Amino acid sequence: MRADIDSYREVADSLMRNKSRSILTGFGVFWGIFMLLCLIGGGAGLRTMLMENFEGFATNSAFLISSATTRPYKGMKEGREWSLEERDIARLKVLVPELDIVSGTMGRWGQTAERGLYTTNCNLKGIPSNYSKIETPQIKYGRYLNESDCRHKRKVCVIGKRIYNNLFPEGGDPCGSVIKVGPIYCRVVGVDFNSGNISIQGRSDEAIVIPMQLEQQLFSYGNKYDVIALTCKEGVTFTSIESRIRQVLARNHNFDPADKQALFILNTEQMFSLIDNIFKGIDFLIWLVGLGTILAGIVGISNIMMVTVRERTVEIGIRRAIGATPNEILSQIIAESIMLTMIAGGAGIVLSVGILETLEKATGNPSFQISLAMALLAAVFLTVLGAVAGMPPAIRAMGIKPVDAMRDE
């Protein structure tokens with residue numbers, strides 16, 4: 001035990017004698033681990049914040065929106081308007097069996113909702129019961145619309161978070177309350193707290209959802225839809241069936257299947273894939289830059305330890321002369337390298353965690369953080385690199401002979 005204590009004291013004394021040089025050399029390791037962990041935690045936080053915009057969306061969904069044609073077709077001029085219809089849903093289900101959910105939706109913007117003295121602006125959104133499988137709600141109170149509500153055209157609604165806060169400032173469960181939505185009175189059956197910033201027919205927190213059949217009747221839509229939402233069956237990509245969907249609708253409405261302006265398709269599958277690829281590239285750059293900086297710092301530590309060994313030739317020779325074994329010399333040099341690496345790396349870990357904690361509190365996003373496993377892995381990684389960095393100078397120190405040391409003196 002006494003020998004171990006003396007060994008650690010010798011390591012600390014050696015580092016203190018070369019204090020300025022050690023600090024300068026360890027800065028490379030400190031900066032590398034600090035930058036790597038900050039970028040990892042920051043990248044995870046940015047990914048989470050970005051994906052919150054798509055909260056609730058099915059990752060294999062797509063949305064069809066009709067628009068004016070831009071090409072002449074079968075004697076008809078360009079600029080012709082057309083609309084998605086109920087029969088389009090039936091045909092898509094039959095002719096494109098790879099589709100799972102096919103759902104029509106419609107919306108009315110700039111509506112007003114009232115409850116007693118409270119009034120708020122809203123978007124009125126008509127959906128079928130299966131639409132919840134495409135844009136998943138987060139029900140805080142009550143329930144979502146069901147098949148019976150839609151079939152019987154019940155005057156019921158699900159309100160978004162902002163609508164709830166404006167019409168029910170006192171809080172509590174609003175289910176059962178009656179509110180006026182546009183021209184009708186509806187009973188609230190649920191509150192959707194979905195906070196995604198992207199939504200079809202308006203943001204979820206600003207929308208009041210009613211049965212699709214009820215909105216069709218109120219605003220004389222007939223069998224027309226503003227948007228048709230789709231999801232693919234498991235293992236099927238929307239890109240692989242997009243051309244067939246265009247052909248089915250083009251044949252039904254007499255427009256050129258190659259006229260992509262006539263049928264606008266929002267493919268969320270491609271959006272999610274693009275985001276994943278972007279962050280994969282960012283992660284690669286983070287690790288490349290971070291590890292490169294750390295390795296540069298490790299090389300610097302190895303070089304400075306080599307210089308230290310050269311300057312301490314006499315000291316090492318004397319220790320060998322009075323009985324120090326080669327293993328003792330080896331362990332001391334490697335211990336110095338590990339200690340220098342761990343001090344610099346530990347400071348980088350602590351500071352990076354502090355920076356990420358500040359970002360977490362500033363943004364309210366708990367994803368701006370590294371896991372305990374990541375911190376422990378970084379510590380183990382630094383220990384291994386410190387040992388590797390100390391090996392060449394330690395081997396050189398082992399080769400010093402007492403006679404050569406005395407001659408240098």
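Student: Leaving aside neighbours within four places in sequence, which residues is N123 in contact with?
Tutor: This is a predicted model, in which local features need pLDDT of at least 70, side-chain atom pairs count only at pLDDT 80 or more, and totals for chains, interfaces and linings use all residues. Residues are numbered from 1 along each chain as its sequence is written, and side-chain values use heavy atoms, with hydrogens and water left out. Contact means heavy atoms within 4.5 Å. With neighbours within four places set aside, the contacts of N123 are R108, W109, G110, Q201, G202, E206, A207 and I208.

Student: Is N123 buried or exposed?
Tutor: Buried means under 20% relative accessible area, exposed over 50%, and partly exposed in between (1.4 Å probe, protein chains only). N123 has 9% relative accessibility, so N123 counts as buried.

Student: Which strand holds N123?
Tutor: Strands (E, at least two residues) and helices (H or I, at least four) are DSSP runs, numbered from the N terminus. By that numbering, N123 is found in strand β4.

Student: Which residue of β9 is the bridge partner of V158?
Tutor: Strand β6 (residues 156-160) pairs with β9 in the antiparallel sense, over two bridges. For V158, the partner in β9 is V209.

Student: How many residues of strand β9 are buried?
Tutor: Strand β9 covers residues 207-211 and is largely enclosed by the rest of the structure.

Student: How many aromatic pairs does the structure hold?
Tutor: Rings of Phe, Tyr and Trp (its six-membered ring) pair if their centres lie within 6.5 Å; planes under 30 degrees apart count as stacked, over 60 as edge-to-face and the rest as tilted. The number of aromatic pairs in the structure is four.

Student: What kind of pair do Y141 and Y164 form?
Tutor: Y141 lies in strand β5 (residues 139-142) and Y164 in helix α5 (residues 161-167), so the pair ties together parts 23 residues apart in sequence. The ring centres of Y141 and Y164 are 5.7 Å apart and the planes stand at 45 degrees, so the pair is tilted.

Student: Which residues form one aromatic cluster with Y164?
Tutor: Y164 is buried, with a relative accessible area of 5%. Y164 also forms a stacked pair with F168, at 6.1 Å centre to centre and 25 degrees between the planes. The residues in one cluster with Y164 are Y141, F168 and F193.

Key. Pairing = 2+ DSSP bridges.
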